[in-house]
There are 2 protein chains.
Amino acid sequence: MGESPHWLMERNRIRNAVIIGAGNVATHLVNALSHTIKIKQIYSRDIKHAMFAAKGIVNCTAINNLDKIDPTADIYIISVKDDAISNIVETACRRCPDKLWVHTSGSIPISVFDGYANRYGVLYPLQTFSRDVYVNISEVPFFIEGNDLNTEQEISTFAKLLSPLIYIADSDCRRRIHAAAVFACNLTNHLWSISNDILTEGGLSFDILAPLLQATLTKAINVSPYNAQTGPARRGDIGTMQKHLQILNHENQEIYKMLSKSIMTKYDIPLNDEQNKL
Amino acid sequence: MGESPHWLMERNRIRNAVIIGAGNVATHLVNALSHTIKIKQIYSRDIKHAMFAAKGIVNCTAINNLDKIDPTADIYIISVKDDAISNIVETACRRCPDKLWVHTSGSIPISVFDGYANRYGVLYPLQTFSRDVYVNISEVPFFIEGNDLNTEQEISTFAKLLSPLIYIADSDCRRRIHAAAVFACNLTNHLWSISNDILTEGGLSFDILAPLLQATLTKAINVSPYNAQTGPARRGDIGTMQKHLQILNHENQEIYKMLSKSIMTKYDIPLNDEQNKL
């Protein structure tokens, strides 16, 4: 009988987990993990939420008291709102500071664990999760960080249970990714919301834009947003821009003007006196 | 022998076309139409472009002189850059002012034809076309307008050769749709471009955002952008917003602040003194 092969040892290192949190990210992680490791406990302040997340997971206990956390798990995953992480760390980590602790936030630094645990890090999935929308976790990129190389390796091995798209990213890098995601998704969604309002005022439905939106996204990904840019600002077509401004309210005019000028600057389209009137 | 059924008369009304323009929209229309009607001619100022667009279309002639336009076609489709439409109309329509003339622009009013033709209108496809990207025309919404009810009906019947998604839209309505599309696609693409820049500065690729972008778009279409909004501004999470501002250049800071404040206004998230510092 020889030793277990290396890949098997790595795969088997983490056999069970405690999940702290029962929101969208936690629930999707539980569902993805429950096929490969044992989920011992799910914690939520509201026991009903914990019970809902634990439903159908074999031998998984719902708890709403951090003092009841089982200290014998291999990994503890804190997946709660950003501003609750610090309190959870202070209360929960002391139960078993030598176990592996991670949080799943894009914007909370790894240092939140300093002084409370000895092996810790971050496991940040770059995806938006909604309760009722299926997400194929194996297509989600995870950005990980550990407080030392060994821990980082452990988190990496664990993360590969979820997805092959694992990237090492320190807290600064994660902040950059998060800021980029805010531009690409949150602020973008707000422009869609404005677009929806403009259409609704004219008795039209946002649905008419769906094929165009999909084509625009596909093109941006395929040829890069820089090369995909089209529209009146890209052409320096001041006449069309002025016609659009006429039907916008003041707030949306300001947004239209600021972004159009930013496009013209990016593509070195000269702003003459007339264009400065925008 | 009875009369032809109504649907057959309607389907057969337009049997052939002349296409004025050989750009992306024109080329996609030619490819979609060439299976159902005869394309007699394709015009471009540059004969090579006309020949390229006419390649593979049976008995289709490439021309680069508006005086050579065949006056016996059933429909004339002007699909050129917005600022070239007016000149084309002035020169070309007099060859056969009683034939059906349409342009395909979202932002040029129908009145561009006033005094130059007697049956005219607009056939505006709400989609972005690139030369090498296949578009399923039958999924593209078309917004049409005619100078009288009969003409509008003719254009509608013709448009149904291309897509079942045919909407009547006057020039004001089309301007509204176009403005909405600029917000939803052009300005949005610019935010993706900024996002790309932020990632590139950190040695990261825009590709890591692809799954998140797709999920964000799908969610916005499924539940409406208003209901899909997430992110630090939506939560009023001033701490995270300030962290993001630290890594942005001045121009992108201004965009981030303006859009974040607009989100907070939309969702009635109070701006306290600290938040006004954004």
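**Briefing on the predicted model**

The lining of the second largest cavity divides into seven nonpolar, five polar and one charged residue, where Ala, Val, Leu, Ile, Met, Phe, Trp, Tyr, Cys and Pro count as nonpolar, Asp, Glu, Lys and Arg as charged, and the others, Gly among them, as polar. This is a predicted model, in which local features need pLDDT of at least 70 and side-chain atom pairs count only at pLDDT 80 or more, while totals for chains, interfaces and linings use all residues. Residues are numbered from 1 along each chain as its sequence is written, chains are lettered from A in the order in which they are written, and side-chain values use heavy atoms, with hydrogens and water left out.

**Cavities**

- The structure holds two cavities of 30 Å³ or more, a cavity being a set of points on a 1 Å grid over the protein atoms alone where a 1.4 Å probe fits but cannot get out, with lining residues having an atom within 4 Å of a point.
- The second largest cavity has a volume of about 30 Å³, the volume being the space filled by probe spheres set on points joined across faces, edges and corners.
- Of the 13 residues that line this second largest cavity, A:Val182, A:Asn186, A:Leu187, B:Pro232 and B:Ala233 are the closest to its centre.

**Interface of chain A and chain B**

- In chain A, 83 residues are in contact with 83 residues of chain B, contact meaning heavy atoms within 4.5 Å.
- The two chains bury about 7900 Å² between them, 68% of it on carbon and sulfur atoms, where buried area is the accessible area (1.4 Å probe) that two parts lose on being put together, summed over both.
- The rule finds four salt bridges across this interface, each a side-chain nitrogen of Lys or Arg within 4 Å of a carboxyl oxygen of Asp or Glu.
- B:Asp197 forms a salt bridge with A:Lys266, with the closest N and O atoms 2.4 Å apart.

**Salt bridges over all chains**

- A search of the whole structure finds 16 salt bridges over all chains.
- A:Lys40 and A:Asp70 are joined by a salt bridge between their side chains (3.3 Å, N to O).
- Because A:Lys40 lies in strand 2 (residues 38-43) of chain A and A:Asp70 in the loop between strand 3 (61-63) and strand 4 (75-78) of chain A, the pair ties together parts that are 30 residues apart in sequence; strands are DSSP runs (E, at least two residues), numbered from the N terminus.

Definitions and conventions
1 Å grid on protein atoms, 1.4 Å probe; cavity = no way out; pocket = protein on both sides within 12 Å on 5 of 7 lines; lining within 4 Å. Helix = DSSP H or I, 4+ residues; strand = E, 2+ residues; numbered from the N terminus.
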